[in-house]
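Here is a short report on one protein model. Please read it beside the sequence and the coordinates.

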Amino acid sequence: MCVTINEKENRYETSLYVVPTSGSEAPRRLTSGIRDTSPRWSPDGKRLAFVRSIDKDGKPQAGQIYLLPTDGGEARPLTETANGAGVPVWSPDGNTIAFTTPTGPEDSKKAQGRGTPEGPEGGAGLEPQKSDVKVMTRAVYRANGNPTYVEPDRHAHIWTIPVADTVSDEPQAKQITDGAFDERDIVWAPDGRSIYFVSDRVAESYYLPSDSDLYSVPAAGGAIANVASIDGTIGEVSPSPDGKRLAFIGTLHGNPVRSYSQPDLWVTDAAPGGTPKNLTAGYDFDMGGGIGGDQAAPRGQNRKPILWSRDGASLIVASAEHGSGNLKRVTIATGKVEPLTEGARDVVAYSAMPDASKIAATLSTQTNIGDIAILSVGPGLATPSPITGINEDL
């Protein structure tokens, strides 16, 4: 994803680009939208799912998931949600996409895809008339970045939608979770049978120390199971290649509660009832962190995922030390932390081959906003090979 500035309209614009990993060609623009974000390759690399916000009556609308064939053709919408669709997450077989969308009781009755949904109550419904009077019954009624009020009866729930083969198909969305709590950080199990997610399932939890647990739900819908819990928050969940373990970034809030706690790298069994193991309790820096800033690139909601080695013996994760953000390799058996990259830079975001043998990373320095480099992962340090030079003119 590339960010440009429209000086005339006084706004940032985002579009999707593609560049060969060899760096032999200049980046080529893929999409014509001006608010295209969150690109995600299908497992076979033949399609690209992303989130696009279009204009209607001169105003940006809630983002929807679009599909783009990589062999040519126009991007087409996959969802038509009233409240927007979150980052698309492909199933391992590439036949289904999971996403989250703010959902209330009335939303479950409406179409969340391009066909009729299979919500708990199903069918289409008319939007009832609502009063413009706001009655506040909770202590937190606004949220940072939210242009309107927090809606206590609407929560981010998980939906799935099949990926249609042709434009004429009308895919039918299905609601997987419901209830009074939000779900986030969704990820598929390697066998595609279940979906993991993170949630804080305590009413008005802002009165309590920050906390969240790791859950799973059958991909077809069903009972939710608690997989892992710590005295703090959980994020960036990553299943092992064999699906038997899960790695995540966990932050203990302490007792008494601390003003700040360092995030650590944890591993737990994928089956409910396991005891999470803190791999980096003796490592005195943040796991999963980097160099923060309001203008940090990119703006495409790209992640810093935890990467498993092919043999499942080690993990690759981002960490910040002494003003620089780099990648570390952590041995699961011993908790040993060793550098995979070094230097005065920040690894802003990255993705990898399924076996983590190659990593494509956006690297930022004190004089470069961010460019993509390829890292070949071996036993020692990985030397970045830049494949873009977006701001060379500057």
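## Terms and basis

Residue classes come first. Ala, Val, Leu, Ile, Met, Phe, Trp, Tyr, Cys and Pro count as nonpolar; Asp, Glu, Lys and Arg count as charged; the others, Gly among them, count as polar.

This is a predicted model, in which local features need pLDDT of at least 70 and side-chain atom pairs count only at pLDDT 80 or more, while totals for chains, interfaces and linings use all residues. Residues are numbered from 1 along each chain as its sequence is written, and side-chain values use heavy atoms, with hydrogens and water left out.

## Confidence

The protein has a mean pLDDT (the predictor's confidence in each residue, from 0 to 100) of 90. A value of 70 or more is reached by 91% of its residues.

Residues 120-125 have pLDDT below 50. Beyond near neighbours in sequence, this stretch makes 14 contacts in the model, a contact being heavy atoms within 4.5 Å. Where pLDDT is low, the predicted coordinates should not be read in detail.

## The second largest pocket

A pocket is found on a 1 Å grid over the protein atoms alone. It is an open set of points where a 1.4 Å probe fits, with protein on both sides within 12 Å along at least five of seven lines. Lining residues have an atom within 4 Å of a point. Volume is the space filled by probe spheres set on the points, with grid points joined across faces, edges and corners.

The second largest pocket holds about 1,500 Å³ of space. Its lining has 42 residues. Tyr149, Val150, Glu151, Pro152 and Arg154 lie nearest the centre. By class, the lining has 18 nonpolar, twelve polar and twelve charged residues. Strands S13 (155-162) and S16 (194-199) each supply at least two lining residues. Strands here are DSSP runs (E, at least two residues), numbered from the N terminus.

## Sheet S15-S16-S17-S18

These four strands form an open sheet in that order, with antiparallel pairing. Two strands pair if DSSP finds at least two bridges between them. S15 (184-188) and S18 are the edge strands, each pairing on one side only. Neighbouring strands are turned by 25° against each other on average, direction ignored. The axes are lines fitted to C-alpha atoms, and angles run from 0 to 180 degrees between N-to-C directions.

S16 and S17 pair over six bridges. Ser194 stands opposite Pro218 in S17. Four bridges join S17 (residues 213-218) to S18 (residues 225-229), with Leu214 partnered by Ala228 in S18. S17 and S18 form a hairpin with six residues between them. In its turn, Gly221 has a positive phi of about 100°.

## Sheet S19-S20-S21-S22

Here too four strands form an open sheet, in the order S19-S20-S21-S22 and with antiparallel pairing. S19 (232-239) and S22 (277-278) stand at the edges with a single partner strand each, so one side of each is left without a neighbour in the sheet. S21 and S22 pair over two bridges. Trp266 stands opposite Asn278 in S22.

## Backbone details

The peptide bond from Asn255 to Pro256 is cis, with omega near 5°. Pro256 lies in the loop between S20 (245-252) and S21 (264-269).

Ser38 sits in strand S5 (residues 36-41). Its phi is near 55°, a positive value in a residue other than glycine.
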